[in-house]
Amino acid sequence: MGCGRAGATLAQSLESAGHSVAVIDQNPDSFRRLDPEYAGSKVTGLGFDRDTLQQAGIEDAFGFAAVSDGDNSNILAARVVRETFGVENVVARIYDPHRAEIYQRLGIPTVATVRWTADQVLRRLLPMGATGEFTDASGQIVLAEVDVHEGWVGRPLRAIEDATGARVAFVTRYGDGVLPDAQSVLQENDIVHLLMRRDESATVERIVTAAPEVKA
């Protein structure tokens, strides 16, 4: 559920691994983020609606990932899928780390803060799903892929650094790694990889997943 950059990346990773995939999003325009070669289902609707889930094939599903941009929608969908349809492999993306801890105790695996990557969701969704992110030897510095609000598109990458205090390590652009320079600008569909302190990761994510502030 959710066809933002996170959901699109996850869907394509699963399909590349040989799995049948269905993507749910209430905005049909979101499906443009999927590769043209994507062969799975595209279902328009709410991911916690039973009819929508059944249309997506939830009754035959091995796993379900709720990765929309809303905590409430994600956790509601995850609970409906687990409790109503009996799907065991469920993961929900939760921005609020305090909420995430609560839902973990309820038995629903969650991924919170900027440490989230498609690989981490895959690890929770499928056994031996993927490798982990990079962390330095001290455990204090992390390199992570982050979701960036579309409002940052067209702005210099240094604007993200100025706003967050993190450093743009590199950008994945149409499948190629790009090392940014002082003039580099964020383009649509870029995937941004940031270096930051682990204890500041939640703050960094809250900044980059929201539209940039407009200065008066």
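Tutor: Ala, Val, Leu, Ile, Met, Phe, Trp, Tyr, Cys and Pro count as nonpolar, Asp, Glu, Lys and Arg as charged, and the others, Gly among them, as polar. This model is predicted, with local features requiring pLDDT of at least 70 and side-chain atom pairs pLDDT 80 or more, while totals for chains, interfaces and linings use all residues. Residues are numbered from 1 along each chain as its sequence is written, and side-chain values use heavy atoms, without hydrogens and water.

Student: How much space lies in the largest pocket?

Tutor: A pocket is an open set of points on a 1 Å grid over the protein atoms alone where a 1.4 Å probe fits, with protein on both sides within 12 Å along at least five of seven lines. Points are joined across faces, edges and corners, and the volume is the space filled by probe spheres set on them. For the largest pocket this gives about 1300 Å³.

Student: Which residues are closest to the centre of the largest pocket?

Tutor: Lining residues have an atom within 4 Å of a point. The largest pocket has 45 of them, and the closest to its centre are Cys3, Gly4, Arg5, Ala6 and Arg33.

Student: Which element gives the largest share of that lining?

Tutor: Helices (H or I, at least four residues) and strands (E, at least two) are DSSP runs numbered from the N terminus. Helix H1 (5–16), strand E1 (22–25) and strand E8 (167–173) each give two or more residues to the lining of the largest pocket. The largest share, six residues, comes from H1.

Student: How many charged residues line the largest pocket?

Tutor: The lining of the largest pocket includes 15 nonpolar and 18 polar residues. Its charged residues number twelve.
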